[in-house]
Amino acid sequence: MAITISYTLFLILYIFPSHFDTSHALTCSNHKFTYRSTIYTSCKDLPHLSAQLLWTYNSTMGVAKIAYRARQGAGGWIAWAINPNQIGMVGSEALVAYVNSNGSVTVYPTMITSYSPSMLPADLSFQVLDLLAEFLSNEITIYATVGPFAGGSVVNQVWQAGNLVIDGVPQMHAVSQQNLQSTGELDFLSG
Ligand SMILES: *[C@@H]1O[C@H](CO)[C@@H](O)[C@H](O)[C@H]1NC(C)=O
Ligand SMILES: *[C@@H]1O[C@H](CO)[C@@H](O)[C@H](O)[C@H]1NC(C)=O
């Protein structure tokens with residue numbers, strides 16, 4: 001009897017966090033650091049939108065290989081951006097990805113020039129190589145090699161997610177606390 005009770009308690013304690021605390025469902029500690037031949041040396045759990053950034057930084061070249069991974073269902077979109085000019089959304093230069101109805105993932109760079117950007121593909125001010133994305137278990141991951149950046153290893157990053165894509169155009173995201181606070185400084189050297 002005592003064994004049955006403690007087993008039940010264990011299950012409850014164990015299951016509840018993983019099912020209901022989605023902010024911790026996706027963490028650096030429960031994901032592999034390798035993708036194809038890339039081994040990421042750093043990983044950071046981002047404080048909002050169930051997202052994480054993995055990277056390897058080449059300080060000689062000022063270039064970062066990144067993997068941005070975020071929870072998102074099919075039908076929605078995710079984006080990870082660097083803002084070379086200021087903190088916040090406007091002026092940021094984004095990599096955006098969404099899942100098509102046939103299961104393939106579209107990923108492309110776009111410039112966030114205003115609070116209602118076109119979201120059309122555009123060249124960024126910094127180099128983007130090897131851009132691709134995948135969708136697995138309700139997570140979209142964007143892979144890219146980015147940089148060098150004017151400010152060296154320190155950048156302003158912005159990340160975002162929205163639930164709707166119409167005719168290939170990601171639509172406005174929600175304006176909850178999470179969506180408005182998903183920005184911050186990142187130093188590729190120190191994390
Ligand atoms: C950085 O990139 C250069 C050029 O590709 C390469 O020669 C060098 O070994 C790289 N450094 C590191 C630490 O990977
Ligand atoms: C899947 O859909 C996308 C968007 O419509 C299209 O570009 C792509 O070619 C399709 N892929 C396959 C394998 O049919």
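Here are a few notes on the predicted model above.

1. Some ground rules. Residues are numbered from 1 along each chain as its sequence is written, and chains are lettered from A and ligands numbered from 1 in the order in which they are written. In this predicted model local features need pLDDT of at least 70 and side-chain atom pairs pLDDT 80 or more, while totals for chains, interfaces and linings use all residues; side-chain values use heavy atoms, without hydrogens and water.

2. Start with the largest nonpolar core, which has 30 residues. (Such a core is a set of buried Ala, Val, Leu, Ile, Met, Phe, Trp, Tyr and Cys residues joined through side-chain atoms within 4.5 Å; buried means under 20% relative accessible area, exposed over 50%, partly exposed in between, with a 1.4 Å probe and protein chains only.) Val146 is among the residues with the most contacts inside this core. Leaving aside neighbours within four places in sequence, valine 146 has contacts (heavy atoms within 4.5 Å) that include Ile66, Trp80 and Leu95.

3. There's one salt bridge (a side-chain nitrogen of Lys or Arg within 4 Å of a carboxyl oxygen of Asp or Glu) by this rule. Arginine 71 pairs with glutamate 139, with the closest N and O atoms 3.7 Å apart. Arginine 71 is partly exposed at 31% relative accessibility, and glutamate 139 is buried at 12%.

4. Have a look at histidine 48 too. Histidine 48 is buried, at 16% relative accessible area. Beyond neighbours within four places in sequence, histidine 48 touches Trp159, Gln178, Gln181 and Ser182.
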